[in-house]
Amino acid sequence: MTRSTAETLVTDWIAGIEESFAEAADDRVTEEIALAGAPVRLEFASARMFDRLAPGFAHLVEPAAAPPELTIRIWDSAGAIAEPPLPDVPPGPRGRIYYSEDGSVRVAYQPGLKLFSVLDRYRGLGWFWCSAAEELPYWESSSPFRQLLHWWLPSRNMLLVHGAAVGRAEGGVLLVGRGGSGKSTSALACLESDLLYAADDYCALDDRAPAVHSLYCSGKLEPAHAARLHHLPEPTIDGDGSEDEKAVFFVQDNYPDRVCRSFPLRAVLAPKIAGDEARMVPLAGAVALRALAPSTLLQLHPADPEAFARMARLVNSVAAYSFELGREIAAIPSAIERLLDELGPA
C-alpha cells in the first residue's frame, strides 16, 4: 500500500529529528530505569544533559531485564549542533505551548523556552530537545519529560497527576491541591520520620487497584519555606529569590533509604494551612476531586479525555480527608502515621 503524503511528511520529519540527535550524540550517556514498573531507556547525547536531567530519576536506576517499553533521546544544540526541524509557529510568551498530533506522533513545543518534546506512541520512542542544558528552567531539571510521560503513562493504564505522596510499603497517602497548599512542605517534612517519600509534586497513579508510583526523587520549595525545614541540605538548584523560582533538592542524595518507588494508596489528603494542631477531617470524594483534578488538568495538556473520570473513580475508592497542617511542621509526619495506623494495610 502506498503511503499517503501526510505519512511521508511525518516520517521524513521524524528522520530529521533523529539526524539532529545523532549529530549531537558524540558523548552519549545511557541510563536504564524502572519507571512505573516498566523498563525505560534514557539516551543522553552528552554528559551535560545527563548531569542536568538524570538526577531526578536516580532512585529508579535498574539494569533492564527486558527491552525498553519507552526510549527517550535527549539532546541540546550547544556548540555547533544545529536545531532539529522545529514546528513552524510564531514566537510567543515564555509559557505558551503549541501542540499537534498526527497518528501515533504527538508534539509539544515551547518557542519562548526552546523546549521540544515528541512521542511516537506506537514505536515507544520519545525525543526531548532544548537549546542549551544550562538554560533549562528549574522545573524541567527537577521533573524532566513530564509532557512525554503524560502522553505515555496511559498506555500502562496510569495517569500523571499533580500531587505529593508519602507512606509505607503497605500503603500511603496522596496529598493534593493547588500550589502553595502545603503538599511539598508536608512531603519533605516526612524525611525525618519513618514514612517513605514517593513524590512532592508529580507522580503516577493506577486507579484500578489504587497505587502511587514515584516518578522523581526531587523536592521543590520556595527558598523561605525550605529554610523552615532544618534537616534539608543545601539545594542542588538554588532559588534566586523571585516569586516563581524554587529551590530544588534531590532526596536520593541525602535520604536514599527514605525514597520508595511505589505503594498502595490508602487515602487522599487535601492539606491546608489552618488550625493550631495537625489533624484530619473527613472529606467528601467530590471535594477531594476538586482539589486533585483542576491542578492536574491545568498543568498537563492536552488533557487525557478519560483523566477526569479516572480521578473521580480513584477518590471514591479510598478515604479522603482535609488535612489541617497546624502550626508545627514537625507534627505533620505523626498525623499521617496515625491516619495510616487507623486505616491499616491495603
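Which residues are buried in helix H9 (residues 307–315)? They are Ala307, Arg310, Met311, Ala312, Leu314 and Val315. Buried means under 20% relative accessible area, exposed means over 50%, and partly exposed lies in between (1.4 Å probe, protein chains only). Helices (H or I, at least four residues) and strands (E, at least two) are DSSP runs, numbered from the N terminus.

This is a predicted model: local features need pLDDT of at least 70, side-chain atom pairs count only at pLDDT 80 or more, and totals for chains, interfaces and linings use all residues. Residues are numbered from 1 along each chain as its sequence is written, and side-chain values use heavy atoms, with hydrogens and water left out.

**Around H9**

Eight of the 11 residues of S16 are buried, so S16 is largely enclosed by the rest of the structure. Two strands pair if DSSP finds at least two bridges between them.

| Partner of S16 | Sense | Bridges |
|---|---|---|
| S10 (residues 171–175) | parallel | four |
| S13 (residues 211–214) | antiparallel | three |
| S18 (residues 319–324) | parallel | six |

Individual bridges place the residues. Gly172 stands opposite Leu265 in S16. His213 has Ser262 of S16 as its bridge partner. Lys272 is bridged to Glu324 in S18.

**Cavities**

On a 1 Å grid over the protein atoms alone, a cavity is a set of points where a 1.4 Å probe fits but cannot get out; lining residues have an atom within 4 Å of a point. Grid points are joined across faces, edges and corners, and a volume is the space filled by probe spheres set on the points. The count comes to two cavities of 30 Å³ or more.

The largest cavity holds about 80 Å³ of space. S8, H8 and H9 each supply at least two residues of its lining. Among the lining residues are Leu159, Leu160, Thr296, Leu297, Ala307 and Met311. Ala307 and Met311 are also among the buried residues of H9. Ala, Val, Leu, Ile, Met, Phe, Trp, Tyr, Cys and Pro count as nonpolar, Asp, Glu, Lys and Arg as charged, and the others, Gly among them, as polar.

The second largest cavity has a volume of about 40 Å³. Strand S15 (247–250) and helix H7 (251–254) each supply at least two residues of its lining. The lining consists of Leu188, Leu191, Leu232, Pro233, Phe249, Phe250, Val251, Asn254 and Tyr255. Eight of these residues are nonpolar, one is polar and none is charged.

**Positive phi in two loops**

Most residues other than glycine have a negative phi. Lys114 has a positive phi, near 55 degrees. Lys114 sits in the loop between strand S5 (105–110) and strand S6 (115–120). Phe145 has a positive phi too, of about 60 degrees. Phe145 belongs to the loop between helix H3 (138–142) and helix H4 (146–152).

Is each of these residues buried or partly exposed? Lys114 is partly exposed, with a relative accessible area of 26%. Phe145 counts as buried, at 2% relative accessibility.

Key. 1 Å grid on protein atoms, 1.4 Å probe; cavity = no way out; pocket = protein on both sides within 12 Å on 5 of 7 lines; lining within 4 Å.
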